[in-house]
Structures are given as C-alpha cells and as structure tokens.
Amino acid sequence: MNKKRMLVVGGSSLLGYKLLENGSCFELYSTYNKNLIVSKNTEIIKINIVDEKDCQKILELKPDIIVNAAAMTNVDYCEQFREEAYEVNVIGTKNLAKIAQQLGSKFIHISTDAVFSGEKNQYVEDDEPNPVNIYGKTKLESEKIASEVSNYLILRPSVLFGWMPSKYLQVRDNSVKTRNFALWILKKLNEKQKLSIVDDQFSTPTLADNLAENIIELIKKDMQGVFHTSGLSCINRLDFSKKIAKTFGYLDNFIVPCSSKELKQIAIRPLQSCLNCEKIVKKGIKLLEIEQAIEIMHNQIKKEEPELIGETSEKK
Ligand SMILES: NC(=O)c1ccc[n+]([C@@H]2O[C@H](COP(=O)([O-])OP(=O)(O)OC[C@H]3O[C@@H](n4cnc5c(N)ncnc54)[C@H](OP(=O)(O)O)[C@@H]3O)[C@@H](O)[C@H]2O)c1
C-alpha cells in the first residue's frame, strides 16, 4: 500500500523535528522558513506561510495531511511585534487552511494552553478561551480558522520541551535560542549560571516526542475536533526546573524562586493554565507524567550530548 503524504509545516520547530524523526510510516515533506534543516527521507522546501503565493507550492505536493507546527512562539516578541505575530499566526494559518481545504487534506493545527486566561486550571476543551496576551489571542484566532477546514484536528499542548540536536538546524536566527524552556534551563545549569524562575506559573509541560508520537496515532485513527494533548502533571516552572536539575545531575541551588511580578516579563502570562486531557486519554492516547517525560529527554541527552549531564547524575 502506498504511504500517505504528510507535510510538516514548520519542520524546523522542535515539534517538527520530532514529527520527522517519528514519521517514517509517511511519505515525508517538510517546510522551513529561516532555519534550513537536515532530515533524511524528507523532501524539504522553503515556504514563508505569510506569503499566500509561496504557500501555493503545497498544491503541487498534494499532501494527504498538513500539520501546521509553524508559529511565532516567542510570547514576549509577539507582544512587542503584534503585526508580525498576527501575520504569522493568523494569516499564515489562513493561507495553509485554504490550501488544505482546496486539496481535501487533513489539517492538523497546533494550538496552545495560552488561549486560556489561566484563572481556572484543569481546563477542558469546552471551557471558554480568554487569552491574556497577543500570542494567545493570535493562536485563538488561528484555531477559529483551522476549524473551518472540513477535516481538522486542533491540538493544544502546553510548554513544549525536548532535545533537538544543534546540527539539525543549518541556519540559526536569534529566536531559536529561547524556544525550549527545559533545554534552556539545562544549558544554564551546565554553565553554572544563577536562574530566577517563577513559582506562580502553573502549566502541564509537554514532551515534544510524546506529542509527535500522538499526532501520528491520531492520524491513524483519523481523529477530528479539538483536544488537549499536554503532559499529565500540573507543575510550576520552579518545580519543573528543579526536577530537570535533579534528573540531569545538577544541584538546584543555582535556581532561585521569584514571582511573575518580580520577573516583569513583557507579556502577561496565564498563571494557572494546566490542561485536563481526559478527553484524549479516553481515546487510548498515552500521555506522560513529568518525571517520565524528563527521564526520556535525559536518556537521549546522555547518549547524544553527554557534556550536558551534571556531576551527580550517576548517584541518583
Ligand atoms: N513552545 C511552546 O512552549 C509551545 C507550547 C504550546 C504550543 N506550542 C505550539 O506548538 C507549535 C510548535 O511549537 P515549537 O515550540 O515546536 O516551535 P518553534 O521551535 O518555536 O518553531 C517555530 C516554527 O515556526 C516556523 N515559522 C515561523 N515563522 C514562519 C513563517 N513566516 N513562515 C513559515 N514558517 C515560520 C519556524 O521556521 P524557521 O525556524 O525555519 O523560521 C519554526 O519552524 C506552535 O504552533 C506553537 O504555537 C508551543
């Protein structure tokens, strides 16, 4: 039987990397914009999703499935450059959705817990979204556009993290550095730098590997609709960071707690945006507790980039 064609838009994202790594059951196509990628068995094309004409390159590929993992994900940057955020997150999605509809492709759109205000915790899919920052607002608008495609699937993860080899990206722009909270913490610990981490922002961090595996599973099941697909553990950033330190063999005395008020981030953050994922778990999808997720990342780094492992790792 011929393999289905999957196009990963935003193959240069963390999630894109994991999808291409796990997607050998598909004929793989991927896009990048600023950061060219190296990936075996994948046809790679450059597309700026803001440019409607550029997106028409997809018509020739005729993918059965389009996964939109492209977005402007830097929350503070979105707040400062609102128009750019709107262009990428809203207009970009509109351009892709139009093509998916034209081709009759399945459109999988990756959204976020940031569509919620963060005043409730354990949000279910039917809870009213009410984003508190530009990133969340543009992502909510993109959800509305995605949901107009006949065969759509909207997934909401939260704080994506995971390991990605630095050689995967050929060209690097400044935004790449801050994309992955867990890897950022690890690099700072490795450099023995002091970290002020908020203890009042709670979320359900999502291992990108797990999300990618689940996306493939959901394609096989031809699932449609809106689903929360994060990790299972509701945890604040401070405790998340400390768990990373412990698992990777670092003492956590370089990590000091602070409040969101003290940190003065540019964009307001939802404080309690943990997602309730029961709806998807009931469909047989496996999600991870935070310890399991960090352990998977730890095992990969131990093998692939052991210089990031701390001194107390073996004694755990
Ligand atoms: N990061 C998180 O904590 C988080 C949490 C919840 C949900 N999400 C959602 O999950 C998805 C993937 O996130 P991620 O963190 O894996 O992404 P990421 O690593 O920040 O990468 C962003 C991707 O978007 C692409 N992109 C940006 N502007 C583009 C444009 N104009 N045209 C084409 N591509 C463009 C980038 O391409 P180049 O690098 O080649 O320019 C890159 O592939 C996003 O939809 C995000 O909103 C993320």
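The structure is a predicted model, in which local features need pLDDT of at least 70 and side-chain atom pairs count only at pLDDT 80 or more, while totals for chains, interfaces and linings use all residues. Residues are numbered from 1 along each chain as its sequence is written, and side-chain values use heavy atoms, with hydrogens and water left out.

**Exercise 1. The ligand shell**

Describe the residues around the ligand and the polar contacts to its oxygen atoms.

Step 1. The shell holds 27 residues, of which Ser12, Asn33, Asn35, Thr73 and Tyr135 come nearest (near: a heavy atom within 4 Å of the molecule or strand).

Step 2. By class, the shell splits into 15 nonpolar, 9 polar and 3 charged residues. Here Ala, Val, Leu, Ile, Met, Phe, Trp, Tyr, Cys and Pro count as nonpolar, Asp, Glu, Lys and Arg as charged, and the others, Gly among them, as polar.

Step 3. Helices H1 (14–22) and H6 (134–146) each contribute at least two shell residues. Helices (H or I, at least four residues) and strands (E, at least two) are DSSP runs, numbered from the N terminus.

Step 4. For polar contacts, take pairs of N or O atoms within 3.5 Å. Polar backbone atoms lie 3.2 Å from a ligand oxygen at leucine 14 and 2.8 Å at lysine 34. Lysine 139 instead places a polar side-chain atom 2.8 Å from a ligand oxygen.

Step 5. The ligand alone exposes 900 Å², and the protein buries 93% of that (Shrake-Rupley method, 1.4 Å probe).

**Exercise 2. Strand S1 and its surroundings**

Which strands pair with S1, and in which sense?

Step 1. S1 (residues 5–9) has 4 of its 5 residues buried, so the rest of the structure largely encloses it (buried: under 20% relative accessible area, 1.4 Å probe, protein chains only).

Step 2. S1 is parallel to S2 (residues 27–32), with 4 bridges, and methionine 6 faces leucine 28 in S2. Pairing requires at least two DSSP bridges between the strands.

Step 3. S1 also runs parallel to S4 (residues 65–68), again through 4 bridges; valine 8 has valine 67 as its bridge partner there.

Step 4. S1, H1 and S2 form a right-handed β-α-β unit (clockwise from the first strand over the helix to the second, with the strands pointing away from the viewer).

**Exercise 3. Strand S6**

Trace the pairing of S6 (residues 152–156).

Step 1. S5 (residues 106–110) and S6 are parallel over 4 bridges, with isoleucine 110 opposite leucine 155.

Step 2. The β-α-β crossover from S5 through H6 to S6 is right-handed.

Step 3. S6 is joined in parallel to S11 (residues 225–228) by 4 bridges, and leucine 155 stands opposite phenylalanine 227.

Methods. A polar contact is a pair of N or O atoms within 3.5 Å; within protein, one must be able to donate a hydrogen and the other to accept it, and residues adjacent in sequence count only if both atoms are side-chain atoms. Buried means under 20% relative accessible area, exposed over 50%, partly exposed in between (1.4 Å probe, protein chains only).
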